[in-house]
Amino acid sequence: MPDRTCNIALVGTKFMGRAHSNAFLKVAKFFDLPLTPIMHTLTARNDEQTKAFAERWGWRNWSTDWKAVVRNPEIDLVDVTTPNNAHAENSIAALEAGKHVACEKPLAHTLDSARQMVEAAKKAKGKTFVWYNYRRCPAVALAHQLCKQGKLGRIYQIRGSYMQDWAGPDTPLMWRFEGEVAGSGALGDLCAHTIDMARFITGDEVSEVSGAVMETVIKERRILASGGGEISGHGAATSEKKGASTVDDIVLFLARMNSGALASFEATRLATGYKNANRLEIHGEKGAIRFVFERMNELDWYDATLPGELQGWSTINVTNGNAGHPYAGAWWPVAHVLGYEHSFINQTADIINMIAGKEPVVPMPDFADAYEVQRVLAAVTESNKNHCPVPVAEVK
Ligand SMILES: NC(=O)c1ccc[n+]([C@@H]2O[C@H](COP(=O)([O-])OP(=O)(O)OC[C@H]3O[C@@H](n4cnc5c(N)ncnc54)[C@H](O)[C@@H]3O)[C@@H](O)[C@H]2O)c1
């Protein structure tokens, strides 16, 4: 175990609070790290829940005063897993206190807040990280490496879709349906991941968004009786009263990339039959790749440089550490597969390495990088509102 430590404070205790706590708990067991991560302090709003969560997950201290926690001189890294409208306040306070900050995606609920976070990061001595964690599924990381090596050649077309089906009329009005808290619905919650993956794999940026359509299909939802409603809100107590949902349940749009490639994206929480299908297909002159999160250990690869009679999709099981598959060497023997939590553990390893001045396995999004996704989200919203194409360069 290294002598030097990285003392972590976590803000938030629900879905992502669990995913990140699990990552902090496991990371040093699987990766050789230059710093020992210490689960120093947990902070959230509710006394009883925060105490119980801290005991369960092994946080050494807990508090309901997040402002005091992020100023604590013992803390090195503040990890933000609050709803989107709290990201800026939490992160900026932590950066001003000299901490490194890891923040959940999307960077913020509005472009303005996101910009303030980027400005604060520029002035800060701490490093910033954003949990676009799908980059660290080994198959997505391999797709990035293949593309960078030129194996796909010129990219012609990108097709991204993120489909879930949990948000029918019985799903209550959680914060994810409140525009003032979430910023957007399927767009920022789901599509942000797919946009980030497309940028990450191709190294290209969206230059123009057009034809965006966003729809709040379920206009009213039952109000939650008492906060809560983790992830899908199913099983949470609700009152008889209903309130307005103010975010998109479904979004679709087209895009042009800087390189000239064309792209289409869709995200939906009403795709009956799909549970967590984050899919990306990229077609290039020399080859193509296909990824779907529900088969996250596999990358489909098509080599268009092979003689015609040998061409066809092949499926790579991206678990071969000896063959150099990214992150696989830290885990199990070949085809002893990984799951959802491993992308967070892989990202945590890269964060700890970067805090110690080392390079991540694949590029890590910081606040400035995640701001580029935020600009695309803003362009999509504007294209939907004004029924027009929106050059991303004009979104500042
Ligand atoms: N990377 C991913 O794959 C992924 C997956 C799910 C969610 N997320 C992101 O993580 C963030 C949290 O989502 P979640 O699903 O964990 O939400 P959640 O509702 O399950 O948990 C939110 C937590 O924040 C606390 N909280 C709420 N408002 C707060 C405030 N104003 N100040 C302090 N604490 C507050 C709640 O008590 C709760 O502990 C969101 O930004 C979401 O977009 C990312």
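## Reading contacts, a sheet and a ligand shell

User: Where do I start with the contacts in the protein chain?

Analyst: Of the contacts with a separation of 6 or more, 71% are between residues 24 or more positions apart. Two residues are in contact if their C-beta atoms, placed from the backbone, lie within 7 Å. Bear in mind that this is a predicted model: local features need pLDDT of at least 70, side-chain atom pairs count only at pLDDT 80 or more, and totals for chains, interfaces and linings use all residues. Residues are numbered from 1 along each chain as its sequence is written.

User: How do I read the radius of gyration of the protein chain?

Analyst: The radius is taken over C-alpha atoms, and you set it against the globule rule, 2.2 Å times the number of residues to the power 0.38. First, the inventory: the protein chain has 10 helices and 17 strands. Those are DSSP runs numbered from the N terminus, helices being H or I with at least four residues and strands E with at least two. Its radius of gyration is 21 Å, close to the 21 Å from the rule for 396 residues, so the chain is as compact as a globular protein of that length.

User: What order do the strands of the open sheet have?

Analyst: Pairing takes at least two DSSP bridges between two strands. Here the 6 strands run S3-S2-S1-S4-S5-S6, with parallel pairing. S3 (61-63) and S6 (128-130) are at the edges with a single partner strand each, so one side of each has no neighbour in the sheet. At the S6 end, 3 bridges join that strand to S5 (residues 100-103), and Val101 has Thr128 as its bridge partner in S6.

User: How many residues surround the ligand?

Analyst: A residue is near if its C-beta atom, placed from the backbone, lies within 6 Å. That gives 21 residues, the closest being Gly12, Lys14, Phe15, Met16 and Glu104. H1 supplies the largest share of the shell, 3 residues.
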